[in-house]
Amino acid sequence: MGETMLLDCTLRDGGYINDWNFGYNNIVSIFERIAEANVDIIEVGFLDERRSFDINRSIMPDTDSVEKIYGKLDKKNSMAVAMIDFGTCGTENIRPCSESLLDGIRVIFKKHLRRPAMEFCRELKELGYKVFVQLVSVTSYSDEELLDLISLANDIKPYAVSMVDTYGLMHCNNLMHYFELLNMHLEPEIGLGYHAHNNFQMGYANCIAMLSRNVSRRMIVDGSIYGMGKSAGNCPIELIAMHMNHVLGKNYNINQILEAIDSNISQFYSPATWGYNMFYYLAASNNCHPNYVSYLMNKKTLSVKSINEILSRLEGEDKLLYNKNYIEEKYISYQNKEINDSAAMEALKNIFSGRKLLLIGPGRTAESGHEAIEKYIREKDPCIISINFLPSHFKPDFIFISNSKRYMQLAAALSRESHHIIATSNVTCQNGDFDFNINVSPLLDLDAEIIDNSLVMFLKILIRLGCPSAVLAGFDGYSKIESNHIIGEMEYDFAKEKADYLNNYTRNFIGSVSDKIALEFLTKSRYAEESDE
């Protein structure tokens with residue numbers, strides 16, 4: 001079996017978590033502990049000419065900066081390397097290897113840039129560096145494209161070619177497909193590497209699978225301390241080092257790595273900012289850029305099921321190349337599920353005709369003002385419609401549900417007792433059909449910062465039905481200080497930050513429709529009067 005090597009990428013890939021601001025003392029400590037642990041290769045950070053020198057950060061504009069941070073440190077038997085994202089650091093910023101602490105440079109590039117990137121790798125090799133060719137998103141390569149890359153590598157003969165599973169998509173079977181193709185066609189003196197991301201929690205397993213192959217060439221696997229790294233993180237180096245000690249007879253000092261976790265890394269893990277979680281699972285399982293997931297999650301109105309459905313509709317090159325306009329189109333398209341709601345609207349019109357309408361919102365006055373609300377109900381016998389929540393003091397005649405997230409939050413309560421539900425067409429019933437399904441597209445305000453304000457949406461329904469008036473309770477408006485929802489865990493994360501905008505938007509809408517529907521507030525509301533908060 002050929003040589004097997006372990007590379008630590010904490011100071012580089014881990015830097016995505018903290019903008020590479022580990023602090024100088026921390027950088028030194030991490031470097032020294034990894035060297036003391038006998039790890040074969042230490043990646044000291046990024047070379048990026050766009051960044052100014054900062055002794056506290058492991059992202060540096062040139063090799064002179066590497067010397068300023070690491071030059072006096074003892075790398076022991078370890079090889080020191082840095083990474084360049086092709087196009088972000090030219091050779092004018094790189095001294096010859098003989099004048100640098102660095103032994104090698106890793107170059108990452110996307111497949112459409114492979115030819116100019118490989119020429120850049122040739123230039124680095126001519127400067128004396130061991131060059132690592134890093135195939136970003138290797139899963140995006142067709143066999144033909146990978147064979148083309150291999151022919152370029154065989155001409156240049158880098159130190160290694162590495163499979164980079166950028167989005168954590170690979171399981172052992174497809175990892176082995178790329179491995180066998182590279183192993184079969186690369187010149188024997190070129191090493192073969194693997195850089196995992198842990199979206200499917202497969203980084204460790206895939207490293208083990210690769211290291212189990214009995215091949216004559218050099219093999220390199222990447223890990224980081226405690227898995228610290230971009231997105232779902234990397235293969236934890238303490239795990240793969242332990243495996244290599246037990247199975248391959250290596251002598252990595254695991255205790256040094258564990259000390260580094262405790263002393264250097266744990267401070268960046270609270271709150272947890274990397275590791276396996278549903279967010280990265282969604283991205284990986286839909287073979288898409290994780291920014292699409294964060295974009296949809298930040299809408300705060302979608303269930304995970306809805307997010308997954310939208311992601312499943314992504315197509316082509318845009319899946320892995322984040323395009324905000326593209327995902328916005330998909331989101332609006334999903335929300336605009338067109339249905340024929342004429343029967344539902346006619347039925348509601350008959351039900352509401354001649355009745356007083358009491359709309360109940362989830363503001364705190366729905367609780368504190370429940371006596372006034374109950375008095376109104378006794379005296380006026382209104383038709384009660386609650387908006388995206390279930391009141392505790394009285395049972396509504398109807399519940400209006402306008403987003404999947406709220407529906408999922410109410411699902412358990414709704415399953416315990418029967419309720420008449422008016423739902424917009426973007427919400428999917430989990431058991432049969434809703435009582436009344438209303439087309440969502442006319443209710444959205446695509447020019448607004450938040451396009452699906454639930455109160456505004458229901459008022460649009462009432463206007464369409466020709467209802468002359470309604471009484472509102474529990475629609476407090478938004479506070480920048482206090483909780484804005486009776487049920488704390490149901491409050492939107494953006495509620496306090498966007499309080500002024502939301503209050504002004506709703507107040508302006510109510511004013512704009514005053515000639516179509518008369519609204520009376522039964523409880524105090526910022527929508528009825530301006531607040532000094």
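This is a predicted model: local features need pLDDT of at least 70, side-chain atom pairs count only at pLDDT 80 or more; totals for chains, interfaces and linings use all residues.
## Salt bridges

The model holds 23 salt bridges. One of them pairs E3 with R218, with the closest N and O atoms 3.9 Å apart. This pair links distant parts of the chain, 215 residues apart. E3 sits in the segment before β1 (4–8), and R218 in the loop between α8 (203–211) and β9 (219–223). The two residues can also be described by accessibility. E3 is partly exposed, with a relative accessible area of 45%. R218 is buried, with a relative accessible area of 18%.

R114 and D148 form another salt bridge, and their closest N and O atoms are 2.8 Å apart. R114 belongs to helix α5 (residues 114–126) and D148 to helix α6 (residues 143–156), so the pair ties together parts that are 34 residues apart in sequence. R114 and D148 are both buried.

E119 pairs with R122, the closest N and O atoms lying 3.3 Å apart. About one helical turn separates these two, because they are 3 residues apart in helix α5. E119 is partly exposed at a relative accessible area of 40%. R122 is partly exposed as well, at 26% relative accessibility.

Some salt bridges share partners. Through them, R12, D13, E43, R106 and D222 are joined into one network.

## Helix α17

Which residues of helix α17 (residues 370–380) are buried? H370, I373 and Y376 are. Viewed down the axis of α17, the buried residues fall within an arc of 120°, so they line one face of the helix. Exposed residues E371, R378 and E379 are carried on the face turned away from that buried side.

What covers the buried residues of α17? The cover includes β10 (357–360), α16 (365–368) and β15. After the helix comes D381, with a positive phi near 50°.

## Positive phi in two loops

W20 has a phi near 65°, a positive value in a residue other than glycine. Its place is the loop between α2 (15–18) and α3 (24–36). Is W20 buried or exposed? W20 counts as buried, because its relative accessibility is 9% and the cut-off for buried is under 20%.

K76 is not a glycine either, yet its phi is positive, about 50°. K76 is found in the loop between α4 (63–70) and β4 (79–85). K76 is partly exposed, with a relative accessible area of 42%.

## P468

P468 lies in the loop between α19 (454–465) and β15 (469–473). P468 counts as exposed because its relative accessibility is 61%, and exposed means over 50%. Leaving aside residues up to four places away in sequence, P468 touches K516, I517 and A518.

How far apart are P468 and S212 in space, C-alpha to C-alpha, and what is their separation in sequence? They are 75 Å apart in space and 256 residues apart in sequence.

Methods: Residues are numbered from 1 along each chain as its sequence is written. Side-chain values use heavy atoms; hydrogens and water are left out. Helices (H or I, at least four residues) and strands (E, at least two) are DSSP runs, numbered from the N terminus. Buried means under 20% relative accessible area, exposed over 50%, partly exposed in between (1.4 Å probe, protein chains only). Contact means heavy atoms within 4.5 Å. A salt bridge is a side-chain nitrogen of Lys or Arg within 4 Å of a carboxyl oxygen of Asp or Glu. The arc is that of the directions from the helix axis to the C-beta atoms.
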